[in-house]
Amino acid sequence: MQAVFKKEDITKALGVTLGVVEKKQTLPILANVLLEINESGFHLTATDLESEVRTSGPLESVSSEGRTTTSAKKLNDLCRLIPDGSSIEIKLSGDKIQLKTPSGKYSLATLPSDGFPTFENQESGEQLKVNSKDLRKIFSTTSFAMGNQDWRHYLNGLYLSIKEGEIIAVTTDAHRLAVATVSYTHLRAHETRGNLVC
């Protein structure tokens, strides 16, 4: 695995994944991000076994394809120290990732990508299209009433109801209740009706 990417592209992608990287490190590999390089660009995946985030970015050049895992935090911290506008060459050498930049050379330990847990794609699921600002709004306006480490696990999440062109979000900690609604604009499959707790 060997490729070159821009500092801004990798730091932007890493910033998205850091929110889901496992901080308690129940499994060492959960502190890592899965890095995949192919002709279409680089792809990063992070998970805490409950959530998974995937993001991608462009490459300046690809010498060879491959995949591995390395510490998300260390890779992010290192890339942020590199001057803006710099190109970073990444190369997998044995069980280390070698980074070559205008300011120096760096090495990060890796773990095999085979042990990285990923969610299976569900191709048969129904899909709908929602404005990201609207979705963020219903989460931000209801999250204050969500339970926090309650022994009743269903209070620690968000209830979503999807029906008749509307998404309704409900949260409660058994003392407060918050409800928010947003409309979705386009269905990619036949009309969806259902409920989801996340």
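Contact here means heavy atoms within 4.5 Å, and helices (H or I, at least four residues) and strands (E, at least two) are DSSP runs, numbered from the N terminus. The model is predicted: local features need pLDDT of at least 70, side-chain atom pairs count only at pLDDT 80 or more, and totals for chains, interfaces and linings use all residues. Residues are numbered from 1 along each chain as its sequence is written, and side-chain values use heavy atoms, with hydrogens and water left out.

**View A. The buried face of helix H1 and its neighbours.** Buried means under 20% relative accessible area, exposed over 50%, and partly exposed in between (1.4 Å probe, protein chains only). In H1 (7-17), the buried set is Lys7, Ile10, Thr11, Ala13, Leu14 and Thr17. Look down the H1 axis and these residues fall within an arc of 165 degrees, so they line one face of the helix; the arc is that of the directions from the helix axis to the C-beta atoms. They pack against strand E1 (2-6), E2, E3, strand E4 (52-57), H2 and E7.

**View B. Helix H2, buried side and exposed side.** Ala72, Leu75, Asn76, Leu78 and Cys79 are the buried residues of H2 (residues 72-81). Down the H2 axis they sit within an arc of 165 degrees, so they line one face of the helix. The packing partners of the buried residues are H1, E2 (32-38), E6 (66-71), E7 (87-93), E8 (96-101) and E9 (104-111).

**View C. Where H1 meets H2.** The two helices pack at an angle of about 145 degrees, with their axes 10 Å apart. Axes are lines fitted to C-alpha atoms, for helices over the stretch in contact, and angles run from 0 to 180 degrees between N-to-C directions. From H1, Lys7, Ile10, Thr11, Leu14 and Gly15 meet Ala72, Leu75, Asn76, Cys79 and Arg80 of H2.

**View D. Thr45 in strand E3.** Thr45 belongs to E3 (residues 41-47) and is buried, at 1% relative accessible area. Leaving out residues up to four places away in sequence, Thr45 touches Val33, Leu34, Glu36, Glu52, Val53, Arg54, Phe116 and Thr118. Thr55 is 10 residues from Thr45 in sequence and 6.6 Å away in space, C-alpha to C-alpha.

**View E. Ala174 in a loop.** Ala174 lies between strand E12 (166-172) and strand E13 (177-183). Its phi is near 80 degrees, a positive value in a residue other than glycine. Ala174 is partly exposed, with a relative accessible area of 47%.
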